[in-house]
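Open your viewer and get ready to select residues by number.

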Amino acid sequence: MLKKFLFSTLLVLTLPSNAQEDHFPLDSLPYDAIINSTLGGKRMKYFGKLDFTLSQAYFENWVSGGENAFNGILHLDYNFNYSNRKGWVWDNNLMISLGGNKTSSSKIVKKADDRFEINSQLGKQINQFWNYAVYLNFKSQLLPGFRYYKEEGVEKKDKSTRIFSPTIMQLGVGWYYKKNSNSWVNLSPLSARGILVSAAYTRDLLEGQKYFGVEKGKTSLINIGGSINGYFKLFLVENITLENKFNVYGNYIQKIQNIDFELNTILRMKVNRTISSNLIAHFLYDDDLIGRLQIRELFGAGLSIDL
């Protein structure tokens with residue numbers, strides 16, 4: 001009995017003080033390392049961020065001129081990650097961003113942002129960081145879009161897009177590298193890409209005219225190519241981070257020389273636990289959409305809540 005008591009006491013004393021369940025150092029290891037480690041088996045993680053950003057400008061009797069404006073954006077970025085001892089890794093991300101803009105020169109509230117995106121990666125582990133993978137990317141919008149113009153001095157608008165029209169989907173197979181939750185990349189040499197639209201926008205097109213690359217009377221455009229997409233987060237200084245999401249796609253069938261790419265960068269400057277200032281720079285080139293570089297830039301301060 002004395003030997004058993006001494007052995008048990010020695011075992012307890014040699015355990016690390018943070019070995020309790022609430023303080024277990026799982027997050028100190030790369031995410032995939034948990035699969036083959038002795039720390040446990042099945043693992044699920046839920047985490048995200050909710051941002052509400054505001055920007056405003058007001059002028060009265062200002063000699064050099066100016067226009068009153070108010071802008072508000074609600075942004076949700078949420079993740080669900082799963083892995084188990086058999087080497088399966090499943091990472092999912094949901095992104096929703098909606099915003100409106102009102103200026104003194106217009107009676108119409110216009111969209112400042114409208115994005116709905118789902119990313120899903122299913123991988124089978126090769127080693128600690130590399131996986132064979134299948135990925136899905138789904139991008140669309142939730143609110144209708146309009147073309148604004150004036151006719152005899154009166155503001156008018158025509159609906160040009162609507163919910164899920166257009167929708168862009170990519171499905172590919174390849175390799176998935178993930179060092180941790182702040183850095184990953186997906187390499188897919190075989191990737192199908194589809195643009196889906198409502199028939200209401202292609203029915204009355206002129207011959208040779210296209211709607212987001214889709215021909216008259218059709219509702220989709222399907223291509224085969226290769227893609228590289230990923231995410232990396234940099235910690236610049238205390239309370240300032242730089243998040244980058246990117247996607248590059250090359251078509252194997254049509255216009256091989258044209259490379260579609262997207263880069264979405266967010267500079268977060270945190271004041272305290274709930275208040276932050278964000279600078280968003282979004283660059284997009286897609287030959288099927290408009291064939292010109294699209295740029296979106298937003299800056300404002302507001303509330304930021306970790307979920």
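Two residues count as being in contact when heavy atoms of theirs lie within 4.5 Å. Keep that cut-off in mind for the first stop. Note too that this is a predicted model.

**Stop 1: Gln170**

Select Gln170, which sits in strand β8. Is Gln170 buried or exposed? Its relative accessible area is 3%, so Gln170 is buried, since buried means under 20%.

Now show what surrounds Gln170. Skip its neighbours within four places in sequence. Which residues are then in contact with Gln170? They are Tyr135, Leu136, Asn137, Ser191, Ala192, Arg193, Ser227, Asn247 and Tyr249.

Pick Tyr135 from that list. Its side chain makes a polar contact of 2.6 Å with the side chain of Gln170. Then pick Ser227. Ser227 and Gln170 are 57 residues apart along the chain, yet 9.0 Å separates their C-alpha atoms.

**Stop 2: Asp91**

Go to Asp91 in strand β3. With a relative accessible area of 6%, Asp91 is buried. Show its side chain and look for two partners. One is Tyr176, whose side chain is joined to that of Asp91 by a polar contact of 2.6 Å. Another is Lys178, where the side-chain polar contact with Asp91 is 2.9 Å.

**Stop 3: the nonpolar cores**

Here is some background first. Nonpolar side chains tend to be buried together in soluble globular proteins.

Select Ile168, Ile195, Val197, Tyr201, Leu205, Tyr211, Val214, Leu221 and Leu289 together. These nine residues make up the largest nonpolar core. Apart from this core lies another one, of five residues, including Ile73, Ile266, Ile280 and Leu298.

Return to Ile168. Which residues touch Ile168 once its neighbours within four places in sequence are left aside? The contacts are Asn137, Phe138, Lys139, Arg193, Gly194, Ile195, Asp286 and Leu289. Ile195 and Leu289 also belong to the nine-residue core.

**Stop 4: salt bridges**

Side chains of opposite charge can pair when their charged atoms come close. How many salt bridges are counted here? The count comes to 16. Visit some of them.

Select Arg193 and Asp286. They form a salt bridge, with the closest N and O atoms 2.1 Å apart. This pair links distant parts of the chain, 93 residues apart. Arg193 is in strand β9, while Asp286 is in the loop between β15 and β16. Both residues are buried.

Next, select Arg147 and Asp158. Their closest N and O atoms are 2.8 Å apart, and the two form a salt bridge. Arg147 lies in β6 and Asp158 in β7, so the bridge ties together parts eleven residues apart in sequence. Arg147 is partly exposed, at 47% relative accessibility. Asp158 is partly exposed as well, at 31%.

Then try Lys216 and Glu207. Their salt bridge has its closest N and O atoms 3.6 Å apart. Which of these two is partly exposed, and which is exposed? Lys216 is partly exposed, with a relative accessible area of 39%. Glu207 is exposed, with 70%.

Finish this stop with Lys49, Lys270 and Asp306. Salt bridges link these three residues in a network.

**Stop 5: a patch on the surface**

Switch to a surface view. Select Trp88, Trp90, Leu122, Val134, Leu171, Val173, Leu190, Ile224, Tyr252 and Ile253. Together they make a nonpolar surface patch of about 920 Å². Strands β3 and β8 each supply at least two of its residues.

Look at Val134, which lies in strand β5. Val134 is partly exposed, with a relative accessible area of 38%.

**Last stop: the whole chain**

Zoom out and colour by secondary structure. The chain has 307 residues, and buried ones make up 39% of them. It exposes about 18,600 Å², and carbon and sulfur atoms supply 63% of that area.

Now think about contacts again. Take those between residues at least 6 apart in sequence. Of these, 55% join residues at least 24 apart.

Terms used: Residues are numbered from 1 along each chain as its sequence is written. This is a predicted model: local features need pLDDT of at least 70, side-chain atom pairs count only at pLDDT 80 or more; totals for chains, interfaces and linings use all residues. Side-chain values use heavy atoms; hydrogens and water are left out. Patches are made of residues with over 30% relative accessible area and no salt bridge: like charges are joined within 9 Å, nonpolar side chains (Val, Leu, Ile, Met, Phe, Trp, Tyr) within 5 Å. Accessible areas come from the Shrake-Rupley method with a 1.4 Å probe; for residues, only the protein chains shown count as cover. A salt bridge is a side-chain nitrogen of Lys or Arg within 4 Å of a carboxyl oxygen of Asp or Glu. Helices (H or I, at least four residues) and strands (E, at least two) are DSSP runs, numbered from the N terminus. Buried means under 20% relative accessible area, exposed over 50%, partly exposed in between (1.4 Å probe, protein chains only). A nonpolar core is a set of buried Ala, Val, Leu, Ile, Met, Phe, Trp, Tyr and Cys residues joined through side-chain atoms within 4.5 Å. A polar contact is a pair of N or O atoms within 3.5 Å; within protein, one must be able to donate a hydrogen and the other to accept it, and residues adjacent in sequence count only if both atoms are side-chain atoms.
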